[in-house]
Amino acid sequence: MQDAKDLKEYREHIKSALSNDFQRQALDKFAKAYPVGRANAFKGHDVKALIEEVARVKDASIARLDELYDEFKRKAEALGVKVHLAKTAHEANEIIARIAQENGVKKVLKSKSMTAEETHLNDHLEKYGLEVTETDLGEWIIQLRKEGPTHMVMPAIHLSRHQVADLFSAVTGAAQEVDIDKLVKVARRELRAKYVEADMGISGANFAVAETGSIGIITNEGNARLVTTLPRVHVALVGLEKLTTTLDDALKIIRVLPKNATGQNITSYVTWITGANECASCPDQKKVMHVVFLDNGRSSMAKHESYKEVLRCVRCGACANVCPVYRLVGGHEYGDVYIGAIGLILTYFFHNKEKAKALVQNCVNCQACKEICASGIDLPRIIKEVYNDILNEEGHPAESKVLGLVLKNRALFHGLLRTARLAQKPLKAEQGYLRHLPLIFSKEHNFRALPAIADKPFRDRWNEIKHRVSPANPRYKVALFSGCVQDFVYPEQLEAVVDLLEGKGVQLDFPMAQTCCGLPVRMMGEFNAAKDVAELNVNAFDQSKYDYVLTLCASCGGYLKEMYPRVLTEGGKTPVKAQQFADKVISLSEFMAKVLKLDPAEYQGQGKVTFHSPCHLARGMNVKEEPHEVIRASGHEFVPMEEEHVCCGFGGTYSMKFPQVSKELLDKKIANIEATGAEVIVTECPGCTMQIRGGLHNKGSKVQVMHTSELLAKARKKK
Ligand code: SF4
Ligand code: SF4
């Protein structure tokens, strides 16, 4: 990433990345192929159990990094290896430069190592006059171009074969054909000569096994084997978190890593090195071998209650593969050395905090990375925690502080919404949209129409309609959590639930003291305000009275269910109550499919309907199949949409901060909706409704956007 001094400059970098058509096509193609390959590789396996196993063995080793380091050092040094511990990136580079000097090294070969990228090792060694050559094909290409990797596993994915042919022509001084097989042969020929001449090989390592003092390296190109065996000196630069207790633990990680990274059952090469090997060209017939462990903040992360989870990362790169933002923006502009969700976090810890400030905000909070992570890291949550830490260090922006203060005071917040309803009158156009966007929005935000605030919020209609869902002997007692968007912008989505539940033996309550769930302020890094708002809501619901807390907003639902217990435990007073509250939260689809068991005989829906799966419904609440079931059961023809689970680009405040990315995500979503031929697109989140409906409206589309509640209420036979 070129340095961006602030968010404004970072947005400019993003804009330029969005215009890189080749990169976008390459990442898009890979993003579509990756889930298929991964699913095939994991076929027949219990993926969740395998990932939990990785998390368990990683957590166990992270808890005893010091002991494992001592054990590794003892075992490896007994086998002729010299082991070092570098506190900083600079120290690691210096240790390696000194080893080179002491051994009269002039030429160095490297195999792929993200840790060496982290320390900028090549630059450092070149300052000492050493010639350093990367031997992984992708790494060699980007080294020749003087670039960093754009992906942890596929460092040159942003380049076309034409660009590589031009590059190789310049390097070899002979015109090279634009043919991938021939280009690979050129690289092999050029690099083979380097292997013979090199004095030192530098590798990374995927594992450092304490019980045996061995390192393990997994690769696809075989270059690491040559790098670690041919030169007389071998240095492995290893992140401290790569220590595992036993070989068996390392094998548990190998069961997941290649499958998750590239959809391979196993990489082409798995190399284990235990001790300094025989070496005919070395003075005492033994290879000179060093292992340099890099701390660079890892041991303090290991002691941090929340950040220690980050050290589980096995660098599979999957969090980039599924990230809708990375897929559009790519590597160099998206992040720094480490990319994907983990890059948003590690940049703050390992590199430049200045860079991290803008970067960490480039997350739409879609949760896709969390779902795919090889070691079960809650990446989206940690991204927000890093942002909160940055704001605590540098000061919180006035707008987020004000929003925090407003949301903490329900009466003030709702009063402001009512005032805004009056103020918007001159701006109101037909069909409930705003004619002109408010001045705070620039032209960049014009990609979707925005809805006006409703004339009467749901809470003001409740007294007139609640008798319809107040049976004498209810089967279920349910409290409705509305969230502020449905309450004040789309009250009809909530009213539709009253239609749906009438006569079904459900007693529905609407606790008036409830307010915004607090997710927007959490997203903005205002953790204290988010906690106060969560407390207001938990206290607004007397959980002992209800079987379920029903929400029609997936964003609220995911946040209430997953995050409330945590948000309130961060210094809050009511964690037990919060857990009870969270356990009762249920989505409408799940309630209709699993609890009420919707009876198709009561419905007469017609026509083709597709579904956009809100990120927080599919991944926050783990509700994936139920929306399809209820659409089908209501009589409609369900037509699946390509990439149904990919984010629509709303992301609350994200779409305001990064409108260009939000627009691109929406365009893709609309193209996928239109390709289904459906007359109606159903979704289950008011945020997605706002984004998709506004986008379709601007395009003049006839496709209707409905909430699940509206579709079902409309299709229900009238008595
Ligand atoms: S939550 Fe979504 S947008 Fe954010 S880093 Fe993860 S995958 Fe990317
Ligand atoms: S954070 Fe998870 S998904 Fe991302 S590279 Fe690390 S292990 Fe893989």
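**Helix pair**

I looked up how helix H28 (residues 527-540) and helix H29 (residues 554-569) pack: the angle is about 115° and their axes are 10 Å apart. Axes here are lines fitted to C-alpha atoms, for helices over the stretch in contact, with angles from 0 to 180 degrees between N-to-C directions. Helices (H or I, at least four residues) and strands (E, at least two) are DSSP runs, numbered from the N terminus.

H28 and H29 are therefore roughly perpendicular to each other (65 to 115 degrees counts as such).

A note on provenance: this is a predicted model, where local features need pLDDT of at least 70 and side-chain atom pairs count only at pLDDT 80 or more, while totals for chains, interfaces and linings use all residues. Residues are numbered from 1 along each chain as its sequence is written, and side-chain values use heavy atoms, without hydrogens and water.

Next I checked who meets whom (contact means heavy atoms within 4.5 Å). From H28 come Ala530, Lys531, Val533, Ala534, Glu535, Asn537 and Val538, and they meet Tyr559, Tyr564, Val567 and Leu568 in H29.

**Sheet**

I then traced an open sheet of six strands, in the order E1-E10-E7-E4-E2-E3 and with parallel pairing (two strands pair if DSSP finds at least two bridges between them). Strand E1 (81-86) and strand E3 (131-134) are the edge strands, each pairing on one side only. On average, neighbouring strands of this sheet are turned by 20° against each other, direction ignored.

Inside it, I picked strand E7 (residues 233-239) and strand E10 (residues 288-294), which pair in the parallel sense over seven bridges. Val238 stands opposite Phe293 in E10.

Terms used:
Chains lettered and ligands numbered in written order. Parallel < 35°, antiparallel > 145°, perpendicular 65-115°, else oblique.
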